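Got your viewer open and ready to click around? Let's go through a few selections together, one stop at a time.

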Amino acid sequence: MTASHSDSLVVLFGATAGAYGAKLGSDERELILLVWQVVDLHSKKVGTLHKSLVKADNLDLSDQCREVSALTPEGLSKAEPLDRVLQQFSQLVSSDLKVLGRSSYTLCSDGQLLIRQVLHPETSKKNLLLSDCFYSFYDLRKEFRSCYPSSAAGKDQTIKTMAEYLGLGTDEAEEDFGVWQVKTMVAIIFSMLSEGCNHVFTEPETVKHKYETGPCSKSETVDSETVIRARGLPWQSSDQDIARFFKGLNIAKGGVALCLNSQGRRNGEALVRFVNSEQRDLALERHKHHMGSRYIEVYKATGEEFLKIAGGTSNEVAQFLSKENQVIIRMRGLPFTATQEDVLGFLGPECPVTGGKEGLLFVKYPDGRPTGDAFVLFSCEEYAQSALKKHKEILGKRYIELFRSTAAEVQQVLNRYMSTPLIPTLPTPIIPVIPPPYTIATGSVRDCVRLRGLPYTAGIDDILEFMGDATGDIKPHGVHMVLNQQGRPSGDAFIQMKSADKAFMVAQKCHKKMMKDRYVEVFQCSGEEMNFVLMGGTLNRSGLSPPPCKLPCLSPPAYAAFQTAAVIPAEAALYQPQALLPTTRTPQASAAAPPAVTYYPAQAAQLYMNYTAYYPSPPVSPTTVGYIAAPPGAVAAAATATHTPLLPQPGALVRMQGLPYNTGMKEILSFFQGYQYAPDDYNGLIQLSDQARSVLQAPKEWVCL
């Protein structure tokens, strides 16, 4: 029973099996004590003082708890569990109110920790239902500060300091733990109600019953003092799960933003925005509290980070999210030809979508192509649960993934796809070094070795150390580390050896040798097999699968003139043999070869050199490597020695990603129609056949590399 203007207060005090005072609830320990007393604000009468012990699941009390409360596990083992104590609380309060002739009441506690950090989180974890009276309460410290402005700030107050400020001569040692606190709080309230103060309790603290969803605009102003970052979340966590973890604290409307990785999947992090800095500070006290069996890390974050994740500018998304209190489900893996009717048919009549087609939002690229993602609105949890049961069912020829989503995730996914540039600009290289031409190994001669099972942190230095004396038998530019389609180390690498015999000896000597804490498998293979893997194919026990560019149906005839020449992009920092091999084992460079300035990173930046004109960005090899700044004098010396012009102004080179496999040079030229170029500036940067050079030097207005 509560009312906006209650005629009674229930003064409440509690303790847990762990920390006490300002750290109450921060250690996630269970409640073991509740003490309360009803106070009539009009007649200034009080009801019976009640004290109840609570039987916790874990009766291991901290040293501080034993010292302060004098409670023992033996005494607590005979107490009632929390649900029974809360039931008794409601019954006894109602009985005392009848005796005093009152009908409504509001809780009053010493600070906010007992209500927000103890009762709400614990009952949520134990799936207990708290009565409405626990969602509204008075913070005695704040009320005391408003009544006595010259007193200390609320966060620095304690029951003892407030009593000392008023000159109340109560002795803590005379009463049981909890009883003294409640009696003193009642005395403080009576002092505030005296004729000299006439304090009125009118604005209680509130706890939100549930988390409210809603959109967030990038134009909003978000206070950085209200945002936290939660890490270590289970990947399937929803916004409601996160709100439950922070139960008792008031999260702003639409204030939960799940973070996604570069592949659009959740990365176990979320940004959470609270209504004020006080709630944010309480949230930080839940650092390493548990969600199920996992502990969650909680750190400060900024408003800019929140807006980057949750903020949106699309009117389509705003209209889609305008229907509040809807359950959002994300569908992933849809066929690109799927229509709204197909999705509604897949969900079926047992999962009615809010507004029919208006409750569907397909995610598309800026050019209108579908991404295979969609969001669906449901009016209630029951319909959403029915939809989630269709997880991994088939639509067309593909299985569909379904999972709970949030308004912030909708914004984030749309922002990611809609902001993807069609032609991302390459970073300006620090030293555009073009070494003498070399030939990538081909053919069936088994003069290469494959390393499988490398630690993901392994670099070229680690491989050279692993190879030992055999490093002297590696061909120049012969180390090739393989990345997966996400640009991360795959655990594989290929090494070009000087002969098949050398490759055989390395495979025999190094097979299952340890690198760091893992053993590495070493197999002999051919250059052709190596190139197929580096170009996007797969090599496993079942055989060799060619990359897309090698498939007959995808090999464009327009590239026929280039298939005999290797092209080294100017942005790739390529290393000379002396950068790869020990000095004592490095072959002498030819006197006719032009000098080059190269820098090999101390932490072994990864090296990739097998780029070909007909397939310039293979999915298993990156297009750039890490750069290390070179001294200005070295750059000038390199330019003078090689007589090779450095790259022109920044932005002169662009890289195209996502091209159709059958795209020819004419289509690329047409795409860039209208952009100017200066072909003479690039003649010395790349190797081209006569036919290719004639195409580039034709009367066009641009060139792409």
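Start by selecting S11 and strand S12 (residues 294-300): they pair in the antiparallel sense over three bridges. Strands here are DSSP runs of E with at least two residues, helices are runs of H or I with at least four, and both are numbered from the N terminus. Two strands pair if DSSP finds at least two bridges between them. Now click His-289, which stands opposite Ile-296 in S12.

A quick word on what you're looking at: this is a predicted model, where local features need pLDDT of at least 70, side-chain atom pairs count only at pLDDT 80 or more, and totals for chains, interfaces and linings use all residues. Residues are numbered from 1 along each chain as its sequence is written, and side-chain values use heavy atoms, leaving out hydrogens and water.

Next, show the whole sheet. In what order do the five strands run? It's an open sheet, S9-S10-S8-S12-S11, with antiparallel pairing. Strand S9 (251-260) and strand S11 (289-291) are at the edges with a single partner strand each, so one side of each has no neighbour in the sheet.

Last stop: select Leu-140, Arg-141 and Phe-144 in H5, which meet Met-162, Tyr-165 and Leu-166 in H6. Contact means heavy atoms within 4.5 Å.
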